[in-house]
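Reader: I would like to learn how to read a protein model feature by feature. Could you walk me through one?

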Amino acid sequence: MLEEARALLKRVYGFDEFRPGQADIITGLLEGRDTLAILPTGGGKSICYQIPALLLEGTTIVISPLISLMKDQVDALNRLGIPAAFLNSSLGAAEYRTVLRGAAQGEYKLLYIAPERLDAPMFSSLMEQMSIPLIAIDEAHCVSQWGHDFRPSYRQLAGWISRLADRPLVAGFTATATREVARDISEMLALRSPNVFVTGFARSNLALSVAGGVDKRRFVRSFLAERPDQSGIIYAATRKEVEQVCDDLQKQGISVAKYHGGLADEERMQAQEQFRFDDVRVMVATNAFGMGIDKPNVRFVIHWQMPGDIESYYQEAGRAGRDGDDSECVLLFSPQDVQVQRFLIEQGTGDDDRRAIQMSKLYTMMNYSRTERCLQQYIVEYFGEADVAACGRCSSCLDDTVATDMTADAQKALSCAGRMKGRFGLTMVAKVLKGSRDKRILEMGLDRLTTYGLFRDWAEKEITEWLYWLVAEGYMRVSDGAYPTVSITARALPVLEGKEQVFQKRKEIKRRASTSVSAASSPLFEALRGWRKEAAARENVPPFILFFDATLREMADAKPQSHEELLSIKGVGSAKAQKYGDEIIEVIRAHAGAADHPAGKDQSSRTQRETLEGTEDQPSHLVSMALFQAGHTVKEISELRGMGKVTIEGHIIRAAGEGEAVDWPSIIPEGQEELILQAIEEQGIDKLKPIKDALPAEVTYFAIHGVMCKHDIR
Ligand code: ADP
């Protein structure tokens, strides 16, 4: 059976190997076992039920809460040559009836349904006519109250399944479930002695980082300027903030869209489509955006604030890098974020039990924001995985700041908390350490503690931060419940006894040098992307439905010249090779032709090489300029000539200064000239750095030099 599954994986999807867990899950299903599969986002859950659906007689039902995702999945399946359809509220009455009829006649291998539809009378009678071997439940954590995204409509699933004449196999899939939630899902769905598969939660292509206490606007501007060709999401907590961040970026000339609950449906839909179709680069959104966004080439997810729990954070951040390419997840953290989350919990609709659960989740999230441990380890341990090695990629792992000995301050704080005997909240401990004259402190006689006022010179905010850090590192613990109190843990004892020291690093964001992704973008890759965008527009689907970036990149490397060669590329199955093969090969051939003549002139390879290196007659800077005039970008020229970008930019400016014709807008982007002139006037021209610093981050030195050259400012 597994051999057949493997053959389908290759023939239909164009993949050579199963990802971890996929083969086991599929084998289990084909052997007739109910299943609960917990795989990280991007782990490849869909294939786990799609391949069994293809091998089993009848129509597999897929329950999914995500309407937009259903359409994508069904589009993608149809494109792979698999008959599939969906039923949800986005269909018109006529379309709905057509799908019902098709389903009754057994035309589909997969039928996607929103859980709310299950009880519709029309649907119940349909079920009696259908042969259903398997019910796959996506986002299965929605059935559990202990999860972070409980949906009442999921609660009826078990009853509904049990009423089906022949109970089919049932399989639940989710990306985020602690052990507790996993047990709950199994019970709520009434799974029969299920095979439970938990593959690692670690995502080896994600570089996690936390940046505390940074100027968020500056941070985001320079982050985006460093990655001009990457697309990503910025999550903010409130609508107002979404609007502000979006406006700010727009003013910087960044291609950006916004998404939040306050916008009209149509506006939201449009923003989402623009992002999915690569028409805008950055999406600024509240957490309303993303359920069901299956855009695989999201290269970064930035959180403007800390979310309320690790599940939400990891789910949102996990939308980066679904295609497996290196991606970044940055959490911008400031201590006020905690107040906002606390407020949301207090104002929320849940009962006291629910509130207590949320509070304790919030503390775990706060600890994540402060910990100096490996961030990936921290998350996977939270989900119950043990013995995972440090990732080597996150901001903690890359933080080589020398730690400062903080033992004395730790002893003061811990001894104060110890004396307060776990009866007070963290703010009260901070107030005592500060020596506050707060009425409650005096009333309770806390000013008589020997530790009262030990941190008199510190700002109260600093004390609170320090206490939270001690919690994050496990020296103190915050209790669950609506009024959490702090107490010291066993880990604090050796510190208090002077047997162990405490070191703290000053937290500063460290990231890997910009990911390999942009480095890997070659002119041919760009040409293939251009083709994909056009072809996708013809069919009115997002570009990634045709091919992922990784597949195009592999094509750009391997340069296949025939359908057969094309089929050997990961992500190309027979249906796609047949449909798009000729066009792709044409793009590759045309590009090979163009690349032979970089300056657009007919030259033999020897003279071409000489031209690229520069000769006595043709000095090096004029060679660069000739290429620039022929329409090559600085990046392309630097690749062609094997020289640094800054050198090439210098060549172009020098040549322009010598009177070579130049297309100024290709050096000075629209709208920047005035800004730069103004900055030059204000800062003088002794040094360039102050001019650069006075300008928005995306104004480059190249543009500044360009303006100086154009206006003959020396
Ligand atoms: P999930 O639902 O778990 O987040 P998906 O099912 O959407 O993940 O799969 C994520 C991506 O991984 C998809 O683009 C899919 O085509 C790809 N993928 C799945 N299985 C494999 C595999 N065995 N080899 C290569 N790519 C795969």
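Author: Let us begin with burial: a residue is buried under 20% relative accessible area, exposed over 50% and partly exposed in between, using a 1.4 Å probe and protein chains only. This is a predicted model, where local features need pLDDT of at least 70 and side-chain atom pairs count only at pLDDT 80 or more, while totals for chains, interfaces and linings use all residues. Residues are numbered from 1 along each chain as its sequence is written, and side-chain values use heavy atoms, with hydrogens and water left out.

Reader: Is Glu139 buried or exposed?

Author: Glu139 counts as buried because its relative accessibility is 15%. Its place is the loop between strand 5 (134–137) and helix 7 (157–163). Helices (H or I, at least four residues) and strands (E, at least two) are DSSP runs, numbered from the N terminus.

Reader: What should I look for in backbone torsions?

Author: Most residues other than glycine have a negative phi. Glu139 has a positive phi, near 50 degrees. Lys559 has a positive value too, near 45 degrees, and sits in the loop between helix 24 (549–558) and helix 25 (563–567). At 40% relative accessibility, Lys559 counts as partly exposed.

Reader: Now to sheets. In what order do the 7 strands of the open sheet lie?

Author: Strands of a sheet pair through backbone hydrogen bonds, either parallel or antiparallel. Two strands pair if DSSP finds at least two bridges between them. Here the order is 3-4-2-5-6-1-7, with parallel pairing. Strand 3 (84–87) and strand 7 (195–198) are the edges, each pairing on one side only. On average, neighbouring strands of this sheet are turned by 15 degrees against each other, direction ignored. Within it, strand 1 (residues 35–38) and strand 6 (residues 169–174) run parallel and are joined by 4 bridges; Leu36 has Gly172 as its bridge partner in strand 6.

Reader: How many bridges pair strand 8 with strand 13?

Author: There are 7 bridges, in the parallel sense, between strand 8 and strand 13 (residues 327–333). Gly212, for instance, has Phe333 in strand 13 as its bridge partner. Strand 8 (residues 206–212) is mostly covered, with 6 of its 7 residues buried.

Reader: Which residues of helix 22 meet helix 24?

Author: Contact means heavy atoms within 4.5 Å. Leu524, Phe525, Leu528, Arg529 and Arg532 of helix 22 meet Asp549, Leu552, Arg553, Met555 and Ala556 of helix 24. Helix 22 (residues 523–539) packs on helix 24 at an angle of about 130 degrees, with the axes 9 Å apart.

Notes:
Axes fitted to C-alpha atoms, helices over the stretch in contact; angles between N-to-C directions.
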